[in-house]
Amino acid sequence: MNWQKINWPVIVIGIILTFAATSGSYFFWQQYAVTKPVTQAVGEIAGVEKVVIDSKNQTIPKVNVTLTNVDNLEVAYQSINDALTGSLGSSKYKLILHDHRTPELEQLYYTIHYYVYEGISTGKFSAMSEKIQEKAVAANTKAYVYIDSNNVYLQLTATNGNLYQIIPREPDSKGVK
């Protein structure tokens, strides 16, 4: 083969165009087959304000969900996970919840989180809930505590903000599903 008769500029342009077409098609597939359906499915859940999927340069995509005025954090969280599983199938993802916390709500959380971890370690969830309610009433805040076999769901609501915290009952749980 005579290497000098090969038209190198045409080959380089062909490679660049092939790479661009492949990258563009992957982007559109990611956008319309993954991101848009997930965003729509999760966005329809009551209490979900915003959904952002961050999958750039990551093997496990991060699904950022902003919540507001949630009636029941446990139901909302399970609905979000069900929607993600329905849209993503068996693909792994990391769900990150965002809220509208205030410094007062954060301080209250830091005051009562000891009760949550004590309740998890001892199994005395009714005592945990009573102590949390006492502290919340003293801080003029509504507190809701929900428990299932995997998590403790803590929902603090004040007139100017809300805090949603999900605490795994198993200490080695990383939140990747």
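These legends describe close-up views of one predicted model. Residues are numbered from 1 along each chain as its sequence is written, and side-chain values use heavy atoms, with hydrogens and water left out. Local features need pLDDT of at least 70 and side-chain atom pairs count only at pLDDT 80 or more, while totals for chains, interfaces and linings use all residues.

**View 1. Glutamate 44 in a loop.** Glutamate 44 lies between helix H1 (8-43) and strand E1 (48-54). Helices (H or I, at least four residues) and strands (E, at least two) are DSSP runs, numbered from the N terminus. Is glutamate 44 buried or exposed? Its relative accessible area is 69%, so glutamate 44 is exposed. Buried means under 20% relative accessible area, exposed over 50%, and partly exposed in between (1.4 Å probe, protein chains only). Glutamate 44 and isoleucine 80 are 36 residues apart in sequence, yet 9.5 Å apart in space, C-alpha to C-alpha.

**View 2. Asparagine 64 and its contacts.** Asparagine 64 sits in strand E2 (residues 62-67). Its relative accessibility is 17%, so asparagine 64 counts as buried. Setting aside residues up to four places away in sequence, asparagine 64 touches Lys50, Val51, Val52, Asp54, Ile96 and His98. Contact means heavy atoms within 4.5 Å.

**View 3. The largest nonpolar core.** This core has 23 residues, and Val42, Ile80 and Leu84 touch the most other members. H1, E1, E2, helix H2 (73-88) and E6 each supply at least two of its residues. H2 gives the largest share, seven residues. A nonpolar core is a set of buried Ala, Val, Leu, Ile, Met, Phe, Trp, Tyr and Cys residues joined through side-chain atoms within 4.5 Å. Among the residues that valine 42 touches are Val48, Val51 and Val65.

**View 4. Helix H3 and its kink.** Helix H3 covers residues 103-122. A kink of about 40° is centred on isoleucine 112. The bend at a residue is the angle between axes fitted to the seven residues ending there and the seven starting there. Buried residues of H3 include Leu105, Leu108, Tyr109 and Ile112. Their cover includes helix H4 (125-138), strand E5 (151-158) and strand E6 (161-168). Glycine 123 follows H3, with a positive phi near 85°.

Key: Expected span 1.5 Å × (residues − 1).
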